[in-house]
Amino acid sequence: MTGLIAFREIVLKVHSRCDLACDHCYVYEHADQSWRARPKVISPEVISHTASRLAEHARDHALPSVTVILHGGEPLLAGTARLRLVCEEFTRALHGIADLDLRIHTNGLQLSTRYLDLFDEYGVRVGISLDGDRAANDRHRRFADGRTSHPLVLAAVALLRSEPYRHLYQGLLCTVDVANDPVAVLDALVELEPPRVDFLLPHATWETPPARPDGAPDAYARWLLRIFDHWDRRGRPVPVRLFESLLSTLRGGPSLTESLGLAPTDLVVVETDGALEQVDSLKSAFEGAAATGFNVFDHAFDQVAAHPGVRARQLGLAGVSDSCRRCPVVRSCGGGLYTHRYRDRNGFDNPSVYCTDLRELVDGVEGRTAPRETAPQLSDPAELARSQEELTRILLARLHADLAADPGWAHAWELLTAVERAGEAGTDALDAVLDHPFTRTWILAALDAARDGNQDAPEAARRLTALAAAAVLRGGLDLPAEVAYRDGEVYLPTLGLLRLGEPGTEGRAALHVTDEGYAVRDGRAEHRFGPTAGDARWQPVRTWSPGPDAAPVALEDLDPYRNCFPRPPRLRLGAGEAEEWRGRLDRAWALLHKSVPEFARAAATGLTTLTPLAGGPRSGGWGEAGRHGPGALGVPYAAGVRETALALLTGRRRTRLRALTEVADLYALDGEWQHPSPWRERPVPVSRLLADVHERVAVEAYRRATATPEPGGAERIHRALDRLTEAAELTVTGKSLVAELRYELKTVDA
């Protein structure tokens, strides 16, 4: 069946009764009482059929691993013999098909060495329910006669923490009760050194709402935020899945728990009689809410996966209520646990009964952590540059892994390594050629070719050889720098183009440093070239300075990999053309500094390379960002001064945003959500809307300063910023960027 989401997690009910009488238990105390008619213990036949069904499902969907959670009731009441049979059957059935992750969730009262020895044999990890200190735990988790269970649970945890069983300790599960002291609860749990703590909201619906002793709609949020604050002050001593899930989604990552987020459910429940059911918490909604009508004897897991109730929990954003879809925290809360949305009159098409709590919790965690969670690259240009440098090296290392077996590549890599080992001069020279923006263009093109199966290893080796040789010359190093040339020439990144033969010729030549510059030996002849040699066969990379205190910017019209912009680059400019362009750039830069000095200074930061592009301005003369490393910008050569100024401004805004998105998460990429745009006919993804606003704030400032404002321009930007503020896809870093844009627009409006 197409479109099915495979089950990767199976909850196997091995026993349907319990030795505690917890008054908040959804199995025994809530709407669905189907446990009464089910066998107490799972039969060998149900075990065998379930294992076979799971193996079939894993094979059909090519699942690398599956998780089986032994549950109840109280699963330890099934006894060691029955639990051994479960472990044996599932291990046998999944062998050679998928990795098996076995777990058990227990109240711990029956836990002993005979169980733990069995679990050690099969790698069964153990999670234990405990609601905190004795006062908190005794509020609900008691025996039927009212006796406390706390000392027995502590003894079970102590045994699990001891050698040789410590590695089986999975964590503690705590059900929230706002009547308990949150600080005491966390301290009691942390003292037991769990690998993880899960806090669960008590199951409730709109028909049976949760207890709220003070009547406040955010009581659970306030309780959990006190836990968060104490956990944070203590240095986050143990992982807390609820908080880590929120922090993950706020960064743009996935949800880590079923109770939050928009990830589709991939869980199915097998009851002791073999019935296949939806998630167990649905028993809190109404009688039969979890039922599917399927069983392991007659039905495959794919049939359950196609059940409407299961599919409803796999729809992501489309599966939550209309008010939830419009909420800016929906990626983090996901509309809450599906069960908690239930209301008699319209089923599950509602926000969670904990809606106010969830909104306050997400906002509270974000407000407390945003400064720490915001990527430093957003506000620190030096950190952005360092991150981009690291990214280039990571990509080059990946390309090396693809091409290391090629002799030409291996030889060039050895020279590159020797440059890096040649002290500070070698390191600085290597940094300069690797940080050349079109080095990234070359690496990405080579990686694409390798992925597509048409990698040209000799061409890649030629470029790497040229990179290494350029670093040797820049660093003045006494290393053998041999280059391979094709069509009679070789480009040395950041330095220039050297002609070594007639067009159509190929060969190799040795380069070295001289007192006056560089020299090349081709056969017996040696020719000097470089900054002062005046060799007609040498075309250096020209430079331009955007100001007396600014670093020179390369006017790159030689690198063969500069062809990475939406429009083609100009061929090598003549001497007169280059001088004319420098003059136009000078006047454009002066105009920017006069009209929008703050934006001009920001645009100059990190600018290293300008490439003249063919043709005149289009779309108002805006600059071009290509597929390259940071620092490069394509500018239409034939543009006038005003258009060139605008191209410099907008192009740098584009390249800055692109660089940010490459090293920091500004928005989540797990949805196809669309937003109305004031500048486009159709709705656009948040990435496009953010890019538009990021550019247009600077454009609006420039146009106002040059007395050419766009009618209604600021109003449209304000509308787009309002939409971005409500966009659930933005991470904390993305929201900080939007706040930065608001501040910039405020200065423009002033």
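Two strands are taken to pair if DSSP finds at least two bridges between them. In this predicted model, strand 11 (residues 489-492) and strand 12 (residues 496-499) are joined by 4 bridges in the antiparallel sense. Together, strand 11 and strand 12 make a hairpin, with 3 residues between them. Thr 494 sits in the turn and has a positive phi of about 80°. Glu 489 has Arg 499, in strand 12, as its bridge partner.

Strand 4 (residues 125-129) pairs with strand 5 in the parallel sense, over 4 bridges. Here Ile 128 has Leu 172 of strand 5 as its bridge partner. Strand 5 also pairs with strand 6 (residues 197-200), again in the parallel sense and over 4 bridges. Leu 172 stands opposite Val 197 in strand 6. From strand 5, the chain passes through helix 7 (residues 182-191) to reach strand 6. This β-α-β crossover is right-handed. Why is strand 5 described as largely enclosed by the rest of the structure? Because 7 of its 7 residues are buried.

A further sheet is open and has 4 strands, in the order 17-18-19-20, with mixed pairing. Its edge strands are strand 17 (542-544) and strand 20 (632-636), each of which pairs on one side only. On average, neighbouring strands of this sheet are turned by 35° against each other, direction ignored. Strand 17 pairs with strand 18 (residues 553-555) in the antiparallel sense, over 3 bridges. Across this pairing, Thr 543 stands opposite Ala 554 in strand 18. Helix 20 (residues 575-595) lies across strand 17, strand 18, strand 19 (609-613) and strand 20. Helix 20 runs at about 20° to strand 17.

Aromatic side chains were examined next. A pair of aromatic rings is described by the distance of the centres and the angle of the planes. The structure holds 17 aromatic pairs. One of them, Phe 7 with Phe 301, is edge-to-face, at 6.3 Å centre to centre and 85° between the planes. This pair links distant parts of the chain, 294 residues apart. Phe 7 belongs to the segment before strand 1 (9-13), and Phe 301 to helix 10 (residues 301-305). Both Phe 7 and Phe 301 are buried.

Trp 231 lies in helix 8 (residues 219-233) and Phe 243 in helix 9 (residues 241-250), 12 residues apart. Trp 231 and Phe 243 are both buried. Elsewhere, Phe 286, Tyr 338, Tyr 342 and Phe 348 form one aromatic cluster.

Arginine side chains also lie over aromatic rings. Arg 147 lies over the face of Phe 143, 4.2 Å from the ring centre. Arg 570 lies over the face of Tyr 637, at 4.5 Å from the ring centre.

Leu 467 lies in helix 19 (residues 457-475). With a relative accessible area of 0%, Leu 467 is buried, because the cut-off for that term is under 20%. Apart from neighbours within four places in sequence, Leu 467 is in contact with Val 433, Thr 439, Trp 442 and Pro 493. Leu 467 and Val 483 are 16 residues apart in sequence, and their C-alpha atoms are 9.3 Å apart in space.

Definitions and conventions. Residues numbered from 1 in each chain as written. Predicted model: local features only at pLDDT ≥ 70, side-chain atom pairs only at ≥ 80, totals over all residues. Heavy atoms only, no water. Helix = DSSP H or I, 4+ residues; strand = E, 2+ residues; numbered from the N terminus. Buried < 20%, exposed > 50% of the residue type's maximum accessible area, 1.4 Å probe, protein only. Contact = heavy atoms within 4.5 Å. Phe/Tyr/Trp six-rings, centres within 6.5 Å; stacked < 30°, edge-to-face > 60°. Lys NZ or Arg CZ within 6 Å of the ring centre and 35° of its normal. Axes fitted to C-alpha atoms, helices over the stretch in contact; angles between N-to-C directions. Right-handed = clockwise from strand over helix to strand, strands pointing away.
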